[in-house]
Amino acid sequence: MSLLSLTAVELGKKIKSHEVSVAAAATAVMDSIEKKDAELNCFITKLDRDAVLKRAEEVQKAIDAGELTGPLAGVPVAIKDNMNTKGVLTTAASKILGNFVPTFSSEAVVNLEKAGCIIVGKTNMDEFAMGSTTETSHFGATKNPWDTNKVPGGSSGGSAAAVAAGEVPFALGSDTGGSIRQPSGYCGVTGMKPTYGTVSRYGLIAYGSSLDQIGPIAKDVTDVATILETIASHDPKDSTSVKREDYDFTSALVDDVKGMKIGIPRDYLGEGIEPEVKDAILAAAKKLEAKGAIVEEFDLSLVEYAIPAYYLIACAEASSNLERFDGVKYGYRTESYEELHQMYKKTRSEGFGAEVKRRIMLGSFILSSGYYDAYYLKALRTKAMIKKAFDEAFAKYDVILGPVAPTTAPELGSSLSDPLKMYLSDIYTISVNLAGLPGICLPCGYDNAGMPIGLQLIANNFDDKKVIRAAYSFEQSREETRESQYLASED
Amino acid sequence: MKQYETVIGLEVHVELATKTKIFCGCSTAFGGAPNTHTCPVCTGMPGSLPVLNKQVVEYAMAVGLATNCDIARECKFDRKNYFYPDNPQNYQISQLYKPICTNGHVEIEVNGNKKQIGIHEIHMEEDAGKLVHDPWEDASLVDYNRSGVPLIEIVSEPDMRSSEEVIAYLEKLRTTIQYLGASDCKLQEGSMRADVNLSVREVGSSEFGTRTEMKNMSSFKAIARAIAGERARQIERLEDGLPVIQETRRWDDNKEASFAMRSKEDAQDYRYFPEPDLPPIVISDEWIDNVKAKEPEFKDAKMARYQADFGLPAYDADIITSSKKMADIFEAATAICGDAKKVSNFLMVDTMRLLKDAEMDPEDMSFDPENLAKLIKLVVAGAINSSVASEVYEHVFKENIDPEKYVEEHGLKQVNDEGALRSTVEQVIAENPQSVEDYKNGKTKAIGFLVGQTMKAMKGKANPGMVNEILQELLK
């Protein structure tokens, strides 16, 4: 069995037992990236081989000296390119940051490095995480390893595809409206957005600050819980970071859902959902029911308001967050200009892609005087009502179960022509961000074309462990887990 | 001609005296090399996040409590969006929707008349960096050392009617804030800045006229001139049948004229919205009580006490308490030497002169009050005479020297030795027969010259009282 088929935790065990050296693991991963990425385009930046091997050597020494004993010590990882990595190009997939090298690393990255992980590269994404297909990247689209004519989802498409293709054992993603869960679903891997405030946002290039959250993308639930345990921390540098009492997420890796109350929102299985997706979700629910969970359908109200509320809030925040990219201090600056305002205008016109400009304009309009109350405040009120609807649901259910997206991965190029259609594909994931909830996506089946179908499990704020437990239990009884052609070819 | 009334409201920005910036740990110290007091947060680096400095909230609360404001139990920051290179994020973190203090007032006194000036609100915000033009490269450079320095903006109601009231209000704010230690409030250095909103209306009218906002005044005198100038300009327009245009104007104190900067039509839309990176600030009763408990004795109370306890005249008490630093020196020196009157004299005469000569803010005095007390003890003990004392005080004021050592080292001790004095006086009499003659002919003033000559001969150290006595005795 190839090293590349191992989960992160399995690989970590082999490194710990000296069955595999840190350098060998890193080399296998870098070779795999070298071999596959020309076609898949999962990476914007691949780290220098010598630098990676030097770091591998240091980590090996620390492991041998008994200083690094964690489950991920020596395991290679890829980081979504909207997370700062000190001294390594960080572009957020935008031309405007095409030359930006940060002076500090994201807290989540620092936590991985402390645990002995080896960063091998920065993954492709939708520009500034704005998109659901990884096609808005300035560096070209990433392709889905299950079918290279299809999108990997987005915005963390590079991370999800890299894991699915066996280019890296695991990766970090960020999720503002489904950007970890939806690409995980499209790529047949497991990804989790924890409760807002669980992972520090320090060093994450902000899109929608009140919605953004970093999380893991990996091969299975055990990996996801282990990685989350590693990256989660209370960070005084992020005022929205929460001090939790339960960072021991792996303690929820228990195959037991007896008595667990699971609700399926009827609205999630209604209009627009592909029958194959619906069938796979209901089959997954049956599995959990068979293991002793109490499963029932219910009406989660306000589902149709989630998308408008999300785009109003996220775009408003984004329009402000992206103001700092102006050509003055760092990043791209237009080549010729007469005076300050022309410099701003040309820099930003040339530096941002179409989708980012669309969202900046939408956000600026929403916040402009005379519209603030009608749009932004109304969206905030809607957000509060959506949270309340979830509160009511979680008074009855431990976990909400549903699809991650209405369809499996669409064809490349089919979404960009119709942005509204792309926005609608986020319908099941977005409300989770609006309410700050933890949500996980894991594969639960395959459509007739062999594309993976993602199951989403959601719990109340700070009930991340319920999500992990339900997902782990389902995973234990999952009948079939396939590998993408790129990964299968390794075995 | 019609009679006009001026209606004035002020927006006062005060730089708070915290050691570190409002949202990061960088130093607020003035005068570092460009971009040395900076970090990813205050230069707007991608991925950086603000963390609120609690001391800023305490200072804002303290100013709010001292100006009779209501303190919000929950307040929030908002983003004010506008593009300018000195603003690294292109938004300023400020407060619009839920400011920390609202609905306050202060009492001012002008020509014996007391009046309340309402305070609409006080909010917290961050300062911007500074643009520096490089004439050699024909380029503008940005220094972010000031970026993120904490400010409060105190917005008054339009309650003032004259420049005297405006100055009295500003002085009231300045001493109050200085007493709290929340800021040094220096207009010249920009740690206190006042924008004047002014309109005129016919006396008796209950409607407000159209107002303008005047910026860029760096002294109380400039503010008074700007008010007089803007009042005259608006009245002239109205008399000519022209409307006053709502606009922001920049005062040029050298030209004694103002110039339009921007009108309401091209006013920016700041697209304010709640800052998502900072949770609301919850202020408990306990926190308010703690801040209240730390409140110092303010100027009015001190003035009254100085008159009652030390017998200072109201005028002297007023001057000394107009600066917190001066009042601190007064109290510390008095506590040591026990002679309030003499300390007051040094502050009222010598100190005021030295401050004026050096064009110095009293808040910048840095000598040890103990050294003033020692100096007074030397005078009281007759160890030095008053002219030497003035000379030594100048060194205390400027270099914070120890007067005992200084007098010792420079041999400035007063000569009280009658023998030595007598022989010098005799010599002076012998050398100045004309003055002796004048004195004996009834020109009593001539004795002053002879005293002066004796002092000169003894390098200023002679005991002037004794010299006088000996002279009178010898000239009888």
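## Questions on a predicted two-chain model

Visitor: How many of the residues of chain B count as buried?

Guide: This is a predicted model, and the burial of its residues is judged by counting C-beta neighbours, with 20 or more within 10 Å needed to be called buried. Over the 476 residues of chain B, the share that counts as buried is 41%.

Visitor: What does the radius of gyration say about how spread out chain B is?

Guide: Chain B has a secondary structure of 15 helices and 16 strands. Its C-alpha atoms fill a box of roughly 90 × 60 × 55 Å along the principal axes. For 476 residues the globule rule gives 23 Å, and the computed value is well over this, so chain B is more spread out than a compact globule, with a radius of gyration of 29 Å.

Visitor: Among contacts in chain B between residues at least 6 apart in sequence, what share joins residues at least 24 apart?

Guide: Contacts here are taken between C-beta atoms that lie within 7 Å. Of those in chain B that link residues at least 6 apart in sequence, the share joining residues at least 24 apart is 69%.

Visitor: Which strands stand at the edges of the nine-stranded sheet of chain B?

Guide: The sheet is open and has mixed pairing, and its strands follow the order β2-β6-β7-β10-β1-β11-β12-β13-β14 in chain B. Two of these strands have a single partner each, so one side of each is left without a neighbour in the sheet; they are β2 (70-71) and β14 (257-263) of chain B.

Visitor: Which residue stands opposite B:I71?

Guide: Strand β2(B) pairs with β6 (residues 101-110) of chain B in the antiparallel sense, over two bridges. Within β6(B), the residue that stands opposite B:I71 is B:C101.

Visitor: At what angles do helices α1(B) and α2(B) run to the strands they lie across?

Guide: Helix α1(B) lies across β2, β6, β7 (113-126) and β10 (150-156) of chain B, and with β7(B) it makes an angle of about 165 degrees. Helix α2 (residues 163-180) of chain B lies across β1, β6, β7, β10 and β11 (192-202) of that chain, and its angle to β6(B) is about 115 degrees.

Visitor: Is B:N90 buried or exposed?

Guide: B:N90 lies in the loop between β4 (78-81) and β5 (91-94) of chain B, and has a positive phi of about 65 degrees although it is not a glycine. Most residues other than glycine have a negative phi. Because B:N90 has 20 C-beta neighbours inside 10 Å, it counts as buried.

Visitor: How many other C-beta atoms lie within 10 Å of B:N35?

Guide: B:N35 is found in the loop between β1 (4-15) and α1 (54-66) of chain B, and its phi is positive, at about 60 degrees, although it is not a glycine. B:N35 is partly exposed, and the number of other C-beta atoms within 10 Å is 15.

Visitor: Where in chain A is there a cis peptide bond, and what is its omega?

Guide: A:S155 is found in the loop between β3 (118-123) and α5 (157-164) of chain A. The cis bond joins A:G154 and A:S155, with an omega of about 10 degrees.

Visitor: Within what arc do the buried residues of α10(A) fall?

Guide: The buried residues of α10(A) are A:Y344, A:T347, A:R348 and A:G351. Seen down the helix axis, these buried residues line one face, because they fall within an arc of 90 degrees.

Visitor: Which exposed residues are carried on the face of α10(A) turned away from its buried side?

Guide: On the face of α10(A) turned away from its buried side, the exposed residues are A:H341, A:Q342 and A:S349.

Visitor: Which element gives the largest share of the side of chain A that touches chain B?

Guide: The contact takes 33 residues from chain A and 24 residues from chain B. On the chain A side, the elements that give two or more residues are α9 (303-321) and α11 (354-367). The largest share, three residues, comes from α9(A).

Technical notes:
Residues are numbered from 1 along each chain as its sequence is written. Chains are lettered from A and ligands numbered from 1 in the order in which they are written. This is a predicted model: local features need pLDDT of at least 70, side-chain atom pairs count only at pLDDT 80 or more; totals for chains, interfaces and linings use all residues. Helices (H or I, at least four residues) and strands (E, at least two) are DSSP runs, numbered from the N terminus. A residue is buried if 20 or more other C-beta atoms lie within 10 Å of its own, exposed if 12 or fewer, and partly exposed in between; C-beta atoms are placed from the backbone. The arc is that of the directions from the helix axis to the C-beta atoms. Two strands pair if DSSP finds at least two bridges between them. Two residues are in contact if their C-beta atoms, placed from the backbone, lie within 7 Å. Axes are lines fitted to C-alpha atoms, for helices over the stretch in contact, and angles run from 0 to 180 degrees between N-to-C directions. The radius of gyration is taken over C-alpha atoms; the globule rule is 2.2 Å times the number of residues to the power 0.38.
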